[in-house]
Structure formats: structure tokens, C-alpha cells
Amino acid sequence: MWAFLTIVAGVFVTIGLGGLIWGVTGRTEARRKQGLRMLQTGMAAGGTCLLLKGFSGDTESIIYGAVLLVFGTAVTGIGPKADKGGKPEA
């Protein structure tokens with residue numbers, strides 16, 4: 001069971017990194033947003049899987065899971081936000 005959570009976390013992180021590449025190589029705003037959303041979802045889901053693996057007593061998984069969860073939710077949310085008019089704020 002715990003090895004399965006590690007594999008699932010790896011799959012989610014790989015999806016997140018694929019989203020990073022997808023978004024960076026995109027030329028349109030929609031594709032960049034889609035890539036960012038894939039990155040956020042993959043990192044947050046991978047972090048959650050590693051936090052769940054921490055119930056096995058593996059404290060290292062808790063640390064890595066927390067880092068992935070924070071990266072997936074907080075750090076990738078930083079950036080210019082669009083207002084109602086569609087123009088980014090200064």
C-alpha cells in the first residue's frame with residue numbers, strides 16, 4: 001500500500017512537470033493557464049499522497065509531501081492577476 005502511494009505520487013508529480021513544460025512552451029494565454037493548473041494539481045496531489053504515506057511512519061515522506069503541497073498551492077499561485085477588464089494588474 002505504501003509503495004503504491006509512492007508510485008501514485010510520482011505519477012502526479014510527472015503530470016505536474018508535464019504541465020510546466022506545456023505551459024512554458026505555449027504561445028497563448030489559455031495554454032499557459034492550463035499548464036499552470038496542471039502543475040498546481042499534480043504537485044498538490046503528489047504532496048497529498050506523500051503526506052498520506054507519512055502514516056506509515058516515514059517522516060521523510062511527510063517533509064517531501066509538505067514541500068510539494070506548499071509548492072503546488074502557494075508558490076505557483078504567485079503572479080500577475082487579471083482584473084475584470086482582462087488586463088493584468090501592475
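**View 1. Helices H1 and H2 pack with axes that come within 7 Å and cross at roughly 165°.** H1 covers residues 2-24 and H2 residues 29-53. That crossing makes H1 roughly antiparallel to H2 (angles over 145 degrees count as roughly antiparallel). Axes are lines fitted to C-alpha atoms over the stretch in contact, with angles from 0 to 180 degrees between N-to-C directions. Helices are DSSP runs (H or I, at least four residues), numbered from the N terminus. By class, the contact has 18 nonpolar, nine polar and three charged residues.

This is a predicted model: local features need pLDDT of at least 70, side-chain atom pairs count only at pLDDT 80 or more, and totals for chains, interfaces and linings use all residues. Residues are numbered from 1 along each chain, and side-chain values use heavy atoms, without hydrogens and water.

**View 2. Arg32 forms a salt bridge with Glu29.** A salt bridge is a side-chain nitrogen of Lys or Arg within 4 Å of a carboxyl oxygen of Asp or Glu. Here the closest N and O atoms are 3.1 Å apart. Both residues lie in H2, three residues apart, about one turn of the helix. Arg32 is partly exposed at 36% relative accessible area (buried is under 20%, exposed over 50%, partly exposed in between; 1.4 Å probe, protein chains only).

**View 3. Lys53 forms a salt bridge with Asp58.** Their closest N and O atoms are 3.3 Å apart. Lys53 is buried at 14%. Asp58 is partly exposed at 27%.

**View 4. Ala74 sits in the segment after H3.** Ala74 is partly exposed, at 43% relative accessibility. Ala74 and Ala44 are 30 residues apart in sequence and 9.8 Å apart in space, C-alpha to C-alpha.

Terms used
Helix = DSSP H or I, 4+ residues; strand = E, 2+ residues; numbered from the N terminus. Parallel < 35°, antiparallel > 145°, perpendicular 65-115°, else oblique. Nonpolar A, V, L, I, M, F, W, Y, C, P; charged D, E, K, R; others polar.
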